[in-house]
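Me: I have a structure open here and I'd like to talk it through piece by piece. Could you help me find my way around?

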Amino acid sequence: DLKDIKYPQRDTKQPERDEKEYVGFATLPNQVHRKSVKKGFDFTLMVAGESGLGKSTLVNSLFLTDLHKDRKLLNAEERISQTVEITKHTVDIEEKGVKLKLTIVDTPGFGDAVNNTECWRPVTDYINLQFEQYFRDESGLNRKNIQDNRVHCCLYFIPPFGHGLRPVDIEFMKALQDKVNVVPLIAKADCLTPTEIKKLKERLREEIDKYGIKIYQFPDCDSDEDEEFKQQDKELKESTPFAVIGSNTVVEARGQRVRGRLYPWGIVEVENPSHCDFVKLRTMLIRTHMHDLKDITSDGHYENYRAQCIQTMTSKMNADKRVESPIPILPLSTPDVETEKLIKMKDEEIVNNAQQQVLHNQDADVN
Ligand code: GDP
């Protein structure tokens with residue numbers, strides 16, 4: 001009975017005319033929002049640069065968690081011969097009901113040894129390995145529960161003491177530029193005066209350009225964004241590479257307790273925009289660009305890896321007709337040389353047989 005059917009309630013505040021045209025897909029953003037909040041978010045951040053540049057302190061300041069409680073620091077002798085080792089820490093943080101699984105990948109030993117030739121290799125190998133794992137999972141049977149360990153961003157710490165990029169900085173960023181979003185930082189910026197910071201930033205930007213280093217580019221702002229957002233975006237772009245300061249201690253400044261560094265001559269406040277770019281970096285990483293960093297990782301860097309992988313497998317298969325890769329192979333779109341030869345032989349055989357048959361029939365007719 002049609003009378004008994006209960007239709008879903010609609011928003012009674014909506015004008016009548018609108019109601020008739022209301023199908024319901026306007027709730028799609030809410031549905032997506034609910035689903036992603038329920039699922040939670042994940043983000044993988046890598047830090048690289050010589051030891052002692054303040055990487056752990058900065059990460060702790062960024063996420064307000066002590067990620068390196070049981071870290072063992074090596075002495076000089078141990079560091080001389082050290083090879084780069086990769087360590088991973090995961091923390092679950094929650095804010096207003098939104099869960100974030102944060103993974104920090106540290107690269108102790110990078111740039112510490114006497115000979116740093118190709119010291120970036122373990123880092124690129126690690127990033128590739130995560131891509132490979134994802135590729136396997138994605139082409140395998142358990143696509144629903146894929147653990148995504150791909151690295152979304154790499155903060156690269158440049159020492160504040162030099163006159164620009166060192167060879168090891170250039171090599172590292174170039175080796176990683178096509179695999180991960182590289183964000184260069186000027187470490188321990190409290191060592192420099194504002195004028196020195198300005199000069200060093202200009203120099204670094206010039207050198208990044210000159211050596212063709214591809215660092216993470218902030219996407220252009222949409223023209224319909226509000227003025228405040230546009231201004232924020234402009235300031236963000238103009239401040240690169242961010243000059244940062246980290247601190248694990250809370251100090252008293254202007255009657256408030258803040259994260260900072262206490263010196264005999266004053267207090268350096270980590271979150272004071274006139275002291276350093278810490279807030280800009282945190283805003284960019286967490287509030288405004290986390291999603292873009294993840295998108296570029298999966299649509300850009302990972303897609304490149306995936307395409308290369310498939311290409312290599314295809315050409316390998318064409319070359320020796322054997323596949324040793326444990327990764328499932330997609331069907332080839334074009335037949336290989338051997339198959340084509342076989343098809344050609346078969347075709348010729350059919351034509352020959354037909355001709356023979358015709359000749360045979362003609363002979364029979366004559367007789
Ligand atoms: P990591 O080896 O790169 O992880 O460096 P750490 O975070 O362990 O820091 C090494 C030393 O530098 C510690 O004594 C820190 O207190 C100090 N430090 C960390 N960040 C800063 C900073 O922004 N400015 C200054 N002046 N010192 C810092």
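Reply: Gladly, and please keep in mind that this is a predicted model. We could begin with the largest cavity, where α8 (227-238) and α9 each supply at least two residues of the lining.

Me: Okay, which helix gives the largest share of that cavity lining?

Reply: That is α8, which contributes four residues to the lining of the largest cavity.

Me: What volume does the largest cavity have, and how many cavities of 30 Å³ or more turn up in the whole structure?

Reply: Its volume is about 50 Å³, and a search of the whole structure finds one cavity of 30 Å³ or more.

Me: Now the pockets. How much space lies in the largest pocket?

Reply: The largest pocket holds about 1400 Å³ of space. Its lining is made up of 38 residues, and those that lie nearest the centre are Phe41, Asp42, Lys99, Leu100 and Met290.

Me: Which elements do the lining residues of the largest pocket come from?

Reply: Several helices and strands take part, and each of the following supplies at least two residues of the lining: α2 (28-39), β1 (41-48), α3 (55-63), β2 (87-95), β3 (98-106), α5 (121-139), α9 (278-288) and α10 (290-320). The largest share comes from α10, with five residues.

Me: And how do the residues of that pocket lining divide into nonpolar, polar and charged?

Reply: In the lining of the largest pocket there are twelve nonpolar residues, nine polar ones and 17 charged ones.

Me: Back to α10, then. At what angle do the axes of α5 and α10 cross?

Reply: The two axes cross at roughly 75° and come within 10 Å of each other. Angles of 65 to 115 degrees count as roughly perpendicular, which means that α5 is described as roughly perpendicular to α10.

Me: Which residues make the contact?

Reply: From α5 the contact uses Asn128, Phe131, Glu132, Tyr134, Phe135 and Glu138, and from α10 it uses Thr297, His301, Tyr302, Tyr305, Arg306, Cys309, Ile310 and Met313. The residues of this contact divide into eight nonpolar, three polar and three charged.

Me: Which strands does α10 lie across?

Reply: It lies across β1, β3 and β4 (153-158), and α10 runs at about 80° to β1. These strands belong to an open sheet of six strands, which has the order β2-β3-β1-β4-β5-β6 and mixed pairing.

Me: Which strands are at the edges there?

Reply: The edge strands of that sheet are β2 and β6 (242-243), and each of them pairs on one side only. Elsewhere in the sheet, β1 and β3 run parallel and are joined by seven bridges, with Leu45 standing opposite Ile104 in β3.

Me: What holds strands together in general, anyway?

Reply: Strands of a sheet pair through backbone hydrogen bonds, and they may do so in either a parallel or an antiparallel way.

Me: What about the sheet with β7, β8 and β9: how is the pairing arranged?

Reply: That open sheet has three strands in the order β7-β8-β9, and the pairing is antiparallel. Both β7 (250-253) and β9 (266-269) stand at the edges with a single partner strand each, so one side of each is left without a neighbour in the sheet. From one strand to the next, the twist averages 70°.

Terms used:
Residues numbered from 1 in each chain as written. Predicted model: local features only at pLDDT ≥ 70, side-chain atom pairs only at ≥ 80, totals over all residues. Heavy atoms only, no water. 1 Å grid on protein atoms, 1.4 Å probe; cavity = no way out; pocket = protein on both sides within 12 Å on 5 of 7 lines; lining within 4 Å. Points joined across faces, edges and corners; volume = space filled by probe spheres on them. Nonpolar A, V, L, I, M, F, W, Y, C, P; charged D, E, K, R; others polar. Axes fitted to C-alpha atoms, helices over the stretch in contact; angles between N-to-C directions. Parallel < 35°, antiparallel > 145°, perpendicular 65-115°, else oblique. Contact = heavy atoms within 4.5 Å. Pairing = 2+ DSSP bridges.
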